[in-house]
Amino acid sequence: AWATSGPLPAAAQASPEGEQTPARLLAASKSWGYQLRKFDPDTLAASPYDMLVIDYSRDGKPAGALTPEELDKIRVKPDGERRIVLAYLSIGEAQTYRYYWKWYWGWVFGVLSPRWLGSENPEWRGNYGVRYWHEGWQKIIFGGENSYLERIVKAGFDGVYLDGVDEYVDMVKEKRNARALMIAFVKAIAERARVLKPGFLVVPQNAEALLADASY
């Protein structure tokens, strides 16, 4: 009963000893699966993993988004035990196959592109670096109405699996404080997520060097 669409009173956020909170389930996980495309809810539900990382949508578009009912099915392992399900979320790169992408971005030498859009990743076509400190990008990720984060929370995921956190390494050429700006970005995502859903997990998958910062 920990899952909720809105914030709980402070007293209700306390977790009794032994309760299966997302954080405790994550800490106890011993195996995990990862699939971002062409997945089937029934197949995922039948898998043995303690944690799954999947996309919020089968094709990156709203029409292919998983429903809360499908997430409920996936969150239960074949043995009846609860598992953690995280949604992949790239915060350091924009992707052309996402719902927010405009067809004219990246064309005409960037004249029609938003100021936050950087250059294309030569190793991953369709992925563009972003100036993640810009308000426009942050609105897409977590600050705007019906943002990417809100879509994930409303679907019923236990948390997000953040990709592209290490983008600050490349962006330091433009911003001397790129590292601090990335830390602030991830913290803001976490704060917003936990307003929407107390106990929501935020799991960065790279940029381990940031762990040296106590606030992060």
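Visitor: Let's start with the overview. How many helices and strands are there in the protein?

Guide: Eight helices and eight strands. Remember as we go that this is a predicted model. Of its 216 residues, 49% count as buried. Among contacts between residues at least 6 apart in sequence, 66% join residues at least 24 apart.

Visitor: On to the sheets. What is the order of the strands in the open sheet of five?

Guide: Read across, the order is S1-S2-S3-S7-S8, and the pairing is parallel. S1 and S8 (201–204) are the edge strands, and each pairs on one side only. From one strand to the next, the twist averages 25 degrees.

Visitor: How many bridges hold the neighbours here, say S2 to S3 or S7 to S8?

Guide: Four bridges join S2 (residues 51–54) to S3, running parallel. To find one in your viewer, pick leucine 52: its bridge partner in S3 is valine 85. S7 and S8 are also joined by four bridges and run parallel. There, leucine 162 has proline 204 in S8 as its bridge partner.

Visitor: Which way do the side chains of S3 point, and are they buried or exposed?

Guide: The general idea is that side chains in a regular strand alternate between the two faces of the sheet. In S3, Ile84, Leu86, Tyr88 and Ser90 point one way, while Val85, Ala87 and Leu89 point the other. All of them are buried, which gives seven buried residues out of seven for S3.

Visitor: Now a helix. Which residues of H5 are buried, and why do they line one face?

Guide: An α-helix has 3.6 residues a turn, so residues three or four places apart point the same way. In H5 (residues 135–143), the buried ones are Trp137, Gln138, Ile140, Ile141 and Phe142. Looking down the axis of H5, you find them within an arc of 155 degrees, so they line one face of the helix. They pack against S3, S4, S6, H6 (148–155) and H8 (178–196).

Visitor: How do I read the nonpolar core? Which residues touch the most other members?

Guide: In soluble globular proteins, nonpolar side chains tend to be buried together. The largest nonpolar core here has 51 residues, and Ile91, Tyr132, Trp137 and Phe157 touch the most other members. H8 gives the most to this core, with nine residues. Apart from it lies another core, of 10 residues, among them Leu25, Val53, Tyr88 and Tyr161.

Visitor: What is tyrosine 132 in contact with?

Guide: Setting aside neighbours within four places in sequence, tyrosine 132 has contacts that include Ile91, Trp137, Glu167, Met171, Arg179 and Phe185.

Visitor: Last topic, the rings. How many aromatic pairs are there?

Guide: The structure holds 16. Take tyrosine 34 and tyrosine 161, an edge-to-face pair at 5.8 Å centre to centre with 65 degrees between the planes. The two are 127 residues apart, tyrosine 34 in S1 (residues 32–35) and tyrosine 161 in S7 (residues 159–163). Tyrosine 34 counts as partly exposed because its relative accessibility is 43%. Tyrosine 161, at 10%, counts as buried.

Visitor: And how are the planes of tryptophan 103 and tyrosine 104 set?

Guide: That pair is edge-to-face too, 5.5 Å centre to centre with 85 degrees between the planes. Tryptophan 103 is exposed at 61% relative accessible area, and tyrosine 104 is partly exposed at 30%. Elsewhere, look for a cluster linked by ring pairs, including Tyr56, Trp101, Trp116, Trp137 and Tyr148.

Key:
Residues numbered from 1 in each chain as written. Predicted model: local features only at pLDDT ≥ 70, side-chain atom pairs only at ≥ 80, totals over all residues. Heavy atoms only, no water. Buried < 20%, exposed > 50% of the residue type's maximum accessible area, 1.4 Å probe, protein only. Arc of directions from axis to C-beta. Contact = heavy atoms within 4.5 Å. Core = buried A, V, L, I, M, F, W, Y, C linked by side-chain atoms within 4.5 Å. Phe/Tyr/Trp six-rings, centres within 6.5 Å; stacked < 30°, edge-to-face > 60°. Pairing = 2+ DSSP bridges. Axes fitted to C-alpha atoms, helices over the stretch in contact; angles between N-to-C directions.
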